[in-house]
Amino acid sequence: MIYVAAAIFVLLILSAFFSGSETALTAASRPLMHQLEKDGNPRAQLINKLRHHKERLIGAILLGNNLVNILASALATSLLMTMFGEAGVVLATVGMTLLVLIFSEILPKTYAIRHANRAALAVVPTINILVIVLLPFVKTINIIVRLLLRMFGVDPHASDGLHSSTAELRGAIELHASHAQGEDKESGVMLRSVLDLADVQVGEIMTHRKGVSAINATDPVESIITQVLESPYSRLPLWRDEPDNIVGVLHAKALLREVREHANDPKKLEHLDILSVAAKPWFVPESTQLLDQLQAFRARREHFAMVVDEYGSLLGIVTLEDVLEEIVGEIDDETDIFVPGVHIHTDGTLVVQGDVTIRDLNRQFDWELPDEEAATIAGLILHESRRIPDVGQSFRFFGFRFEIMRRYHHQIKTIRITPPVKDDTAP
């Protein structure tokens with residue numbers, strides 16, 4: 001009886017080992033194990049290898065776990081029947097259920113979930129040996145399972161169709177960011193923005209031509225130099241005959257280099273061909289995805305491009321800084337002109353300029369306003385209202401209230417936004 005009780009105790013320990021190992025190996029961080037393998041950790045390499053053959057791993061662990069559980073239950077039933085007769089069956093059933101549930105399932109799995117990475121690295125050598133030893137039995141069982149699945153019309157190799165590396169990565173970022181604070185939260189926003197680069201077009205982030213500073217290429221050289229020095233930008237488009245006819249992009253450094261070379265002869269500077277100093281303009285369609293545009297900027301080693309529509313008409317400009325700001329947020333330097341686009345009032349409302357982009361508002365205030373049909377907040381109001389609203393007119397879309405405060409001709413200049421009230425009592 002002592003030997004049987006000792007055997008039951010050992011079997012329960014083995015059951016706990018199998019249960020905890022299964023949880024640890026499936027819950028261990030994939031990115032961490034991948035990085036540890038790259039760093040030369042042999043146990044992490046074993047974990048990744050076993051995960052690659054998941055059917056073998058799960059089959060071996062379940063085979064071992066069920067084997068020791070059934071054997072422990074059989075021994076307990078035999079022992080208690082010897083002691084209590086037929087009532088021993090009931091006692092063995094109740095007793096082994098409690099013992100297996102508490103000590104061989106809940107306890108080891110709870111520990112394994114909370115220390116998944118450490119536990120996985122600890123048990124993987126033993127589990128690897130178990131998988132090798134039980135491989136013939138596991139293969140036989142898997143063949144039987146596949147045959148049974150086919151009998152019921154289920155393809156054992158079919159996927160659920162929902163798996164996507166990008167979707168999985170985005171879900172992990174969202175899950176992490178939802179509980180993060182401070183710098184971790186900012187990192188989550190940046191990672192989401194990187195994934196969004198393939199879904200955002202250049203036309204959504206460009207500077208509209210109304211806000212572009214450009215220079216007439218036929219102006220006197222002295223006037224051009226003055227305009228360049230007074231401008232906060234290092235690159236300026238050059239136009240001729242009409243503002244939409246861009247003939248070059250003038251870099252302040254290239255112009256100043258020419259000024260220095262002709263410093264001793266001002267007359268030659270007056271006859272300088274400004275187009276010989278300027279770079280050729282680079283035109284890109286408004287439908288270009290930001291990821292493609294970023295790669296194009298890197299390949300061409302340029303920071304500045306002109307955006308055109310399907311008819312070739314100039315829409316605005318996009319810079320490398322614009323693309324980077326979609327990832328890291330607004331980048332201000334000593335030459336930037338600060339134009340307040342959003343004012344937050346004490347009553348919770350916001351006064352927003354019409355050209356503020358929806359993406360910036362969503363990013364700053366964790367809103368979810370749609371930006372598929374319009375890039376700016378004014379564009380969203382025009383799209384949803386299907387009209388050019390009057391001053392004082394208000395609309396309610398997506399839970400927000402939009403009140404038109406100022407309009408210039410047909411352009412919405414200023415809007416008061418009242419966001420939906422958050423229910424702090426909600427669970």
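These notebook entries record what I looked up on two regions of a predicted model.

**Entry 1: strands E2 and E3**

I began with strand E2, residues 215–216, and strand E3, residues 235–240. I found them paired in the parallel sense, over 2 bridges. For Ile215, I noted Leu238 as the bridge partner in E3. I then looked up helix H10, residues 221–230, and recorded that E2, H10 and E3 make a β-α-β unit, which is right-handed.

**Entry 2: strands E3 and E4**

I next turned to strand E4, residues 242–251, which pairs with E3 in the antiparallel sense over 6 bridges. Here I saw Leu236 standing opposite Leu250 of E4. E3 and E4 form a hairpin with 1 residue between the strands.

**Entry 3: helices H15 and H16**

I then examined the packing of helix H15, residues 320–328, against helix H16, residues 358–365. I noted an angle of about 30° and axes 11 Å apart. The crossing in which H15 passes H16 is left-handed.

Which residues of H15 and H16 make the contact? From H15 I listed Glu325, Glu326 and Ile327, and from H16 Arg359, Asp360 and Arg363. Sorted by class, this contact of H15 with H16 has 5 charged residues, 1 nonpolar residue and no polar ones.

Terms used:
Residues numbered from 1 in each chain as written. Predicted model: local features only at pLDDT ≥ 70, side-chain atom pairs only at ≥ 80, totals over all residues. Heavy atoms only, no water. Axes fitted to C-alpha atoms, helices over the stretch in contact; angles between N-to-C directions. Helix = DSSP H or I, 4+ residues; strand = E, 2+ residues; numbered from the N terminus. Left-handed = near helix turned anticlockwise from the far one by under 90°. Contact = heavy atoms within 4.5 Å. Nonpolar A, V, L, I, M, F, W, Y, C, P; charged D, E, K, R; others polar. Pairing = 2+ DSSP bridges. Right-handed = clockwise from strand over helix to strand, strands pointing away.
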